[in-house]
Amino acid sequence: MFKQILKFVFICIVCFVVCSAASKENGSSKNKPKRKEMKIETLKKVECADDKSAQLGSVVHFHYKLSGHPDIIESTYENGNNAQDKGVVHMLTKGVTLKGLVKGIPGMCVGEIRRLTIPPHMAFGSKEMVNRFPPGATVIYEIELLDAKPADEVLQRFTRADLNEDGVLDVTELEAVMSIAMKDGNFPMADDPAIMEGMLNELFQFADKNKDGGISTDEFRTMLKLQNNLGGKRTKSKQEL
């Protein structure tokens, strides 16, 4: 009988401890402020097939207006003579693009316009964006989708090389791509600035088919095909020797 009483008391103590721990945990979670939800509004709806819409992993080309209510801080629609009037290019991948854009753009069709109200934890967080936003700011992006393509290896390389995100590669950006390719291919001339400069100018003139001063994704793809073909021939000739 005595053992049964002890057993009962022990069970009661255990239950009390567990319940107390659970209530403390619930209490602490209640005290935590809830994170704001992101708001997605469709301002202009466009219908398209799923395989034509922007998806996670897509390379997307879009115009945007960025604001902290009510003032517009930045817009790609402005400065018509600037390359930025062509919009920007991003790859919808976590760790590469702003979290709010990665969540808010998928599903959009070309021509569609959305307004994304992005809370701090999905925008710039506690960082202060000088002359733009204070720490912990909620930001608003108005997005107009211009194009969306599956991110094959070529588009991934192009997007990484397009440092200013204007959708074309200039000479400086092409130089970075070329330097990596030359060093990876063990070309000794990669260490000679004069030779590199001459080859860079020749390559840029060759790749820029429409002579608009920038290399588009299609021109970049053609350039890489030529590079791969030459690389294959070079390997074959080595094997023959």
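The following questions and answers cover the fold, the disulfide, the aromatic rings and one glycine of a predicted model.

Visitor: On what basis are the values computed?
Guide: This is a predicted model, in which local features need pLDDT of at least 70, side-chain atom pairs count only at pLDDT 80 or more, and totals for chains, interfaces and linings use all residues. Residues are numbered from 1 along each chain as its sequence is written, and side-chain values use heavy atoms, with hydrogens and water left out.

Visitor: What pattern does the chain follow along the sequence?
Guide: Helices (H or I, at least four residues) and strands (E, at least two) are DSSP runs, numbered from the N terminus. The chain has 6 helices and 6 strands. Read in sequence order, the pattern is α-β-β-β-β-α-β-β-α-α-α-α.

Visitor: What percentage of the 241 residues in the chain is buried?
Guide: Buried means under 20% relative accessible area, exposed over 50%, and partly exposed in between, with a 1.4 Å probe and protein chains only. Of the 241 residues in the chain, the buried share is 32%.

Visitor: Which cysteines form a disulfide?
Guide: A disulfide is counted when two cysteine sulfur atoms lie within 2.5 Å. The structure holds 1 disulfide. Its sulfur atoms are 1.9 Å apart, and the residues are cysteine 48 and cysteine 109.

Visitor: How many residues apart in sequence are the parts that this pair ties together?
Guide: Cysteine 48 lies in the loop between β1 (39-44) and β2 (59-68). Cysteine 109 lies in the loop between α2 (99-104) and β5 (113-118), so the separation of the tied parts in sequence is 61 residues.

Visitor: Why is the disulfide of cysteine 48 and cysteine 109 called left-handed?
Guide: The handedness follows from the torsion about the S-S bond. The disulfide of cysteine 48 and cysteine 109 is left-handed because that torsion is about -80°.

Visitor: Which class of accessibility does cysteine 48 fall in?
Guide: Cysteine 109 has a relative accessible area of 5% and is buried. Cysteine 48, at 31% relative accessibility, counts as partly exposed.

Visitor: Which residues do ring pairs link into a cluster?
Guide: Rings of Phe, Tyr and Trp (its six-membered ring) pair if their centres lie within 6.5 Å; planes under 30 degrees apart count as stacked, over 60 as edge-to-face and the rest as tilted. The count by this rule is 3 aromatic pairs. One of them joins phenylalanine 62 and tyrosine 64, tilted, at 6.3 Å centre to centre and 55° between the planes. The cluster linked by ring pairs is Phe62, Tyr64 and Tyr141.

Visitor: Which residue in β4 stands opposite phenylalanine 62?
Guide: Two strands pair if DSSP finds at least two bridges between them, and β2 and β4 pair in the antiparallel sense over 4 bridges. In strand β4 (residues 88-91), Val88 and His90 point one way and Val89 and Met91 the other, and all are buried. Phenylalanine 62 is itself buried, and the residue opposite phenylalanine 62 in β4 is valine 88.

Visitor: Which residues is glycine 214 in contact with, leaving aside its neighbours within four places in sequence?
Guide: Glycine 214 is found in the loop between α5 (193-207) and α6 (217-240), and at 5% relative accessibility glycine 214 counts as buried. Contact means heavy atoms within 4.5 Å. With neighbours within four places in sequence left aside, the contacts of glycine 214 are Val168, Leu169, Phe204, Asp208 and Glu219.
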